[in-house]
Amino acid sequence: MSEEIKNTPPALFTVTIDGITIQVPRGTTILNAARMIGPHVAPPTMCYYSSLEGSGGKCRTCLVEVAAGSTKDPRPMPKLMASCRTEVMDGMIVKNVTSERALDARKGIVEYLLINHPLDCPICDQAGECYLQDLSYDHGIVGTRYEFKRRTFVREDIGPYIQLHMTRCILCYRCLMVADQLTNSRTQGILLRGDASEISTYISKAIDNDFSGNMIDVCPVGALTDRTYRFKNRVWFLKPFDAHRDCDKCCGKVTLWNRGDEVFRVTSRKDPWGEVQVIDGKAAWICNTCRFEKKRTSDWVIEGPTKINRHSVISTNHYVKEVTPPDPLDKALFGRDPLLLMDIKEQSGVNKENIDLSIIPGPATSTTFEEHDERKEIEEAVSERLSINNHKKLP
Amino acid sequence: MTKKLLLNRVNIPGIKTYEVYRREGGYQSVEKALKMQTGDIVEEVKKSGLRGRGGAGFPTGLKWSFLAKPDGVARYLVCNADESEPGTFKDRYLMESIPHLLVEGMIVSSFALGSNVSYIYIRGEYDWVADILQVALDEAKQNGFLGKNILGSGFDCEIYLYRGAGAYICGEETALLESLEGKRGLPRIKPPFPAVKGVWGCPTVVNNVETICAIVPVINEGGEAYSKIGVGRSTGTKLISACGNINKPGVYEIDMTISVEEFIYSDEYCGGIANGKRLKACIPGGSSVPILPANLLLKTAKGEPRMMNYESLADGGFITGSSMGSGGFIVLDEDQCVVRHTYTISRFYHHESCGQCSPCREGTGWLEKIFHKIESGKGEMKDIDLLWDVQRRIEGNTICPFGDAASWPVAAAIRHFRDEFEWHVLNPEECLVRNYGLAHYADPLEVAVS
């Protein structure tokens, strides 16, 4: 251990997240440190987007408990911290899935996000790759305690390619950041305030810009959807392929979503966190020509099937998956041994390896095994019961 | 009779004008301060023990000493005159009646912090107050207290008055800075704190109007003398804006040694409960701090009399105590309904939530709707628990303290007046026509008499 500390340059900070220690460069946020460890300890995010400057901190789903601030000042932080905007300190100890406080707060936030969400997943194009869907499956509660009228808005077509369904929006502000950082001028903004606030173009002015389509990619829910793909297909029926073409506006590296030979939609390539991939040090945003105009297979050079490694509804289907990283669960449990994770064969009288279940008639209970622990006794018992069907013997 | 430091000159006719204010000893602290070293002024303020009067009560000298001082980067002083907390109107009274005091404090503070451009961010609704302040600023400039080379000291200072558009959230310091920069008034995510990166990305100190006004007596009389007024860590005088069911609502300057009972019942201050009724509850520090029932208001949980100072009002934490807050003292008599009262507060916070982070945006609206349901006689018992659950998950999980401010009054109302909530649920028709009356605890005054 002492050797390790000597070898590390001082720019590396040691941080412990859920019992797993990792060394990360100075200036890394807790969220990115957790992502380096793996998906089991990485907090969920709804508004943070690594390629967009200034994103994060708004949705509060990534709240974690900081049990010790740093080696110098090991006091715990009194409030839960937004991991996407809190930088790690040397010796920081963070609790995410091991903190009941953080999980409870997250449960509350899922509930808050859902009280005004229409839950129209069956008719929503985003279903299957929706962050809110994933978040609700992972952290939500069954049913809602909200019994009042939900807020609704009229659907709006903003420009020829994008439809805004404000009712579904969770106000993550990502699409505003895309407009600020990728396009020349922002035409949409937030109107009003509080829970009445809505994203809109003033007097429904059309969004018309070469990179506006990326707003669809960054939207975590189905608030901004692709008009050219609307109601055409469900995402889990489509097969994704990596493809590229020479484009003078963007990098031209995309994911095609095919069914048979037909290209249904084109999106940018996503990393395991559902964010746009960083290729050669640059975020691979794509232009509207690639996204909306080139919908023939002949327009593209296909590189091969996309490997999907996202913990989501979409990846439960028959896609080519990436090799999953080693399961860090053992480390995360601090050597605790919860009942559900034990090997059932060691703990239970049922299902002993030395007994061939196929010779036992009917359902076997633990008493069947406990009473006849010795192999011979079992053999006898079995042979008694199997007076007719005695063709198979124990080894 | 309390020694008045801020309001001692308000009744002099014409004090709003420069001539009268100067004749009555105004701007002496500027003359004194400009001859001092800036570090010494900060030391004086530290010695005085002056605490921020905006609500959090953070020591002002400490806040000033946190200000980052990188070379070649401007520093700014911003005065938070966006006084929008329901029940608080002390800053308005100060600015209305003695505007030059704020200007004087601003000049001294700007000099101490090295701020050549300072701002007064005043809420939009105070438009007539802004006019008064602007006249005072112009007069100060004409007489050489603002502008280039003030009194020949080589110190330049300009003070700009900036009018907000009337959002409660802009009283939060980072939202105020955003609004000052001309953006939407959304609170920033901290860190970085304004002392490192504030307005225009430069180190900034944001102080309340009353805090800046209190700098003037600190400089005039010295930090030592100022710290001797008051008790313990609550030094100096504090303005309390008393309102509600009392005989004499208004702004009072107290020296934090009097008890709450004296403040409510003595003729010098509130003059007792109006119409001879009995005290039911009180919010001692503006709408966002926990409400206290009469028994806990007058005596702490330990049985000691509760005093009007930071420590005593906060005694017992938020379980049996409250907070000094911004000094908005709202008194409720026996005929007030706590459910309706908290509903009004919740409605306010729902209306004023900025909508940036999800717990506050969605949670405040939900709280209001549940309150409306209970208040209109349609409530169920589970709604009370739901209220508790919703506020619990807002508190502490938001970007700025607004979420806490929205959840604390709800938590305290349920904690101390749960019987009243349950009465609303059990008597849905009766609760529409009459109020619950006093809560089921012994009236502390009657106990004392008998």
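In this predicted model, 26 residues of chain A are in contact with 22 residues of chain B, a contact being a pair of residues whose C-beta atoms, placed from the backbone, lie within 7 Å. On the side of chain A that touches chain B, helix α3 (residues 100–115) of chain A gives the most, with six residues. By class, that side has 14 nonpolar, five polar and seven charged residues. Here Ala, Val, Leu, Ile, Met, Phe, Trp, Tyr, Cys and Pro count as nonpolar, Asp, Glu, Lys and Arg as charged, and the others, Gly among them, as polar.

Residues are numbered from 1 along each chain as its sequence is written, while chains are lettered from A and ligands numbered from 1 in the order in which they are written. Because the model is predicted, local features need pLDDT of at least 70 and side-chain atom pairs count only at pLDDT 80 or more, whereas totals for chains, interfaces and linings use all residues.

The predictor assigns the complex an ipTM of 0.87 and a pTM of 0.84. For chain B the average pLDDT (the predictor's confidence in each residue, from 0 to 100) is 90, and 97% of the residues score at least 70. Over residues 442–450 of chain B, however, the pLDDT is below 50, and this stretch has nine contacts in the model beyond near neighbours in sequence.

Chain A comprises 11 helices and 16 strands. Helices (H or I, at least four residues) and strands (E, at least two) are DSSP runs, numbered from the N terminus. Of the 395 residues of chain A, 35% count as buried. A residue is buried if 20 or more other C-beta atoms lie within 10 Å of its own, exposed if 12 or fewer, and partly exposed in between, with C-beta atoms placed from the backbone. Among contacts in chain A with a separation of 6 or more, 62% are accounted for by residues 24 or more positions apart. In helix α4 (residues 131–139) of chain A, the residues A:Y131, A:L132, A:Q133, A:D134 and A:L135 are buried, and the buried residues of α4(A) pack against α3 of chain A.

In chain B, the axes of helix α6 (residues 99–113) and helix α9 (residues 209–221) come within 8 Å and cross at roughly 75°. Axes are lines fitted to C-alpha atoms, for helices over the stretch in contact, and angles run from 0 to 180 degrees between N-to-C directions. α6(B) and α9(B) are therefore roughly perpendicular to each other, a term applied to angles of 65 to 115 degrees. Residues making this contact include B:L101, B:L102 and B:M106 of α6(B) and B:I212, B:V216 and B:I219 of α9(B). By class, the contact of α6(B) with α9(B) has 10 nonpolar, two polar and one charged residues.

| Site | Backbone feature | Location |
|---|---|---|
| B:K190 to B:P191 | cis peptide bond, omega near -5° | B:P191: loop between α8 (173–180) and β4 (204–208) of chain B |
| B:P191 to B:P192 | cis peptide bond, omega about 5° | B:P192: loop between α8 and β4 of chain B |
| B:M256 | positive phi, about 65° | loop between β8 (250–254) and α11 (260–265) of chain B |

A:L192 counts as exposed, with 10 C-beta neighbours inside 10 Å, whereas B:M256 is buried, with 24 other C-beta atoms within 10 Å.

Conventions:
Two residues are in contact if their C-beta atoms, placed from the backbone, lie within 7 Å. Angles under 35 degrees count as roughly parallel, over 145 as roughly antiparallel, 65 to 115 as roughly perpendicular and the rest as oblique.
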